[in-house]
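Open the model in your viewer and keep the selection tool at hand. This tour goes stop by stop and says what to select next.

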Amino acid sequence: MSVLVLIIVGAAAGFLATRLMDVETDTVTTVAIGVIGALLGGFILRLLGSLFGMLSGFVGAVLGAMLLLWLWKQYQARK
């Protein structure tokens with residue numbers, strides 16, 4: 001996956017994940033969460049091998065971003 005595609009998919013996944021998890025973040029944080037989530041989710045889905053094609057990458061990106069957001073919310077709650 002090229003870097004530009006990763007950023008675009010990450011931005012979309014981060015936006016969707018922040019809306020699904022009801023978290024308010026700035027644009028840079030949303031994109032970063034989405035990109036890291038895309039990497040994490042893509043890795044997990046490759047291990048599971050449960051979905052095919054571009055859809056699996058996007059689903060993995062959203063799931064990874066949601067996991068990262070959950071961890072981030074847990075960290076913020078402890079401050």
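Start with a definition for a later stop: patches are made of residues with over 30% relative accessible area and no salt bridge, where like charges are joined within 9 Å and nonpolar side chains (Val, Leu, Ile, Met, Phe, Trp, Tyr) within 5 Å. A salt bridge is a side-chain nitrogen of Lys or Arg within 4 Å of a carboxyl oxygen of Asp or Glu. Accessible areas come from the Shrake-Rupley method with a 1.4 Å probe, and for residues only the protein chains shown count as cover.

This is a predicted model: local features need pLDDT of at least 70, side-chain atom pairs count only at pLDDT 80 or more, and totals for chains, interfaces and linings use all residues. Residues are numbered from 1 along each chain as its sequence is written, and side-chain values use heavy atoms, with hydrogens and water left out.

**The whole chain**

Select the protein chain. Its secondary structure comes to three helices and zero strands. Helices (H or I, at least four residues) and strands (E, at least two) are DSSP runs, numbered from the N terminus. The order from the N terminus is α-α-α.

Now show the surface. The chain exposes about 5300 Å², and carbon and sulfur atoms supply 73% of that. Of the 79 residues, 32% count as buried. Buried means under 20% relative accessible area, exposed means over 50%, and partly exposed lies in between (1.4 Å probe, protein chains only).

Contact means heavy atoms within 4.5 Å. Among contacts with a separation of 6 or more, residues 24 or more positions apart account for 70%.

**Helix 1**

Select residues 3-20, which form helix 1.

Next, colour the buried residues of helix 1: Leu6, Val9, Gly10, Ala13, Gly14, Ala17 and Thr18. Seen down the axis of helix 1, they fall within an arc of 160°, so they line one face. The arc is that of the directions from the helix axis to the C-beta atoms. Turn to the face pointing away from the buried side: there sit the exposed residues Leu4 and Ile8.

**The loop**

Move on to Asp22, in the loop between helix 1 and helix 2 (27-48). What is the phi of Asp22? It is positive, about 55°, although Asp22 is not a glycine. Asp22 counts as exposed because its relative accessibility is 66%.

**Helix 2**

Select Val35 in helix 2. Is Val35 buried or exposed? Val35 counts as buried, at 17% relative accessibility. Leaving aside neighbours within four places in sequence, Val35 is in contact with Leu6, Ile7 and Gly10. Then pick Ala13: its C-alpha atom is 7.9 Å from that of Val35, with the two residues 22 apart along the chain.

Arg46 also lies in helix 2. Arg46 counts as exposed, at 70% relative accessibility. Draw a line from its C-alpha atom to that of Gly57: the separation is 9.1 Å, for residues eleven apart along the chain.

**The nonpolar patch**

Last stop. Select Leu40, Phe43, Ile44, Leu67, Trp70 and Leu71, which make a nonpolar surface patch of about 540 Å². Helix 2 and helix 3 (53-77) each supply at least two residues of this patch. Finish on Leu67 in helix 3. Leu67 counts as partly exposed, at 36% relative accessibility.
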